[in-house]
Amino acid sequence: MLDYLVVGCGLAGIAFCEILEKSGKSFHVVSDNSQQASLVAGGLYNPVILKRFSLAWNAREQMDSAIPFYRELEKKLQVQLDYKLRVLRLFASVEEQNLWFEAADKPNLDYFLSTKILKNKNLNIHAIHGFGKVRYTGRIDTRTLLKAYSRHLADNDKFLKESFDYDEFQTHTGFLSYRSIRAKQIVFADGYGLKSNPFFNYLPLNGTKGELLTIKAPDLKEESVIKSSVFIIPLGNDRYRIGATYKWKDKTNTPTQASRDELLTKLKTFLRCDFDVVEHVAGVRPTVADRRPLVGAHPLQKNIYCLNGFGSRGVLIAPYAAQQLYQHIENKEALHPEMDLDRFTKKHFQDSPLTA
């Protein structure tokens, strides 16, 4: 009898598994890696929404959880994951500079926003109004993380690579079973796969498709992340990730020519050197209308849990939300009300009371 069965091995699943290992809990993971959001993510940890110069939800608390989390994972997996990069917001006008200064005076934002306007020194970037700098930022190499962690689980006989078959899943008094596996609890960290999950598909997970390009630009020589109409994220070896798009109708992981053209058009408004596109990837982010995670227990089956809805900020949110869920399950601590999926469960079943 295991303590936990975890479905999904993206950022959410990894974060929860790490807590289980540290706590000495027994568990097994089922994942087919079909959800691409974590794999194709830009990987930035940036506490500021740079389109509106506002602080992301619970950003300070998430940063406090995330940075030591990835540092410990680096030691455990013997890989580099955390690349410290400064994030520069390219100003399109003097008005944007003024809005930046106003934002930097606000409580909490003042911790992350530098009030010094940085002059552009890169001739291959068009930025006549300079940049604003965000403090304490960087990039997590999500591809390396997902591959290394899946290998770690497999090496310890904790990983079953397959699509979760709901026909093979049964609930019993006091425990659950999946094929030959028996566990006390199950946590679904299945990303956009939640839409096919019979226990949680009532939740309003919208899903937003994102596409990114990787370019090779030997003349660019830029070491900072540049945010304008798109991000330029340095990857090393003259490679840069360009992203991302936000599409609400297409729910496939297939890259499209339209999004490629959109990204290139936006990039060329401020990039002034030649480059080659070397990769084009896509994935569906698990997004929610109110931009808050979906965390908590099924309304009827109290040993079935959801850990989802991180949108484009999974790198930051995952360690924080996973810790919240673990404390909720093991120590009966209340979830943050803005992430508790009860906010939708109560509304959904308001006119039709829950029945077993």
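Predicted model: local features only at pLDDT ≥ 70, side-chain atom pairs only at ≥ 80, totals over all residues.
At what angle do helix H1 (residues 11-22) and helix H2 (residues 59-77) pack? Residues are numbered from 1 along each chain as its sequence is written, and side-chain values use heavy atoms, without hydrogens and water.

**View 1. Packing of H1 and H2.** The two helices (DSSP runs of H or I, at least four residues) pack at about 75°, with axes 12 Å apart; axes are lines fitted to C-alpha atoms over the stretch in contact, and angles run from 0 to 180 degrees between N-to-C directions. H1 and H2 are therefore roughly perpendicular (65 to 115 degrees). Contact (heavy atoms within 4.5 Å) involves Leu11, Ile14, Ala15, Glu18, Glu21 and Lys22 of H1 and Phe69, Tyr70, Glu72, Leu73 and Lys76 of H2.

**View 2. The two faces of helix H3 (residues 94-104).** Glu96, Gln97, Trp100, Ala103 and Ala104 are buried (under 20% relative accessible area, 1.4 Å probe, protein chains only). They lie on the same side of H3, because they cover an arc of only 120° around the axis, taken from the directions from the helix axis to the C-beta atoms. The face turned away carries Glu95 and Glu102, which are exposed (over 50%). The cover of the buried residues includes strand S7 (87-90), helix H4 (109-112) and strand S8 (131-134).

**View 3. Pairing of strand S14 (residues 208-216) with S18.** These strands (DSSP runs of E, at least two residues) run antiparallel and are joined by nine bridges. Lys209 stands opposite Val284 in S18.

Note on methods:
Parallel < 35°, antiparallel > 145°, perpendicular 65-115°, else oblique. Pairing = 2+ DSSP bridges.
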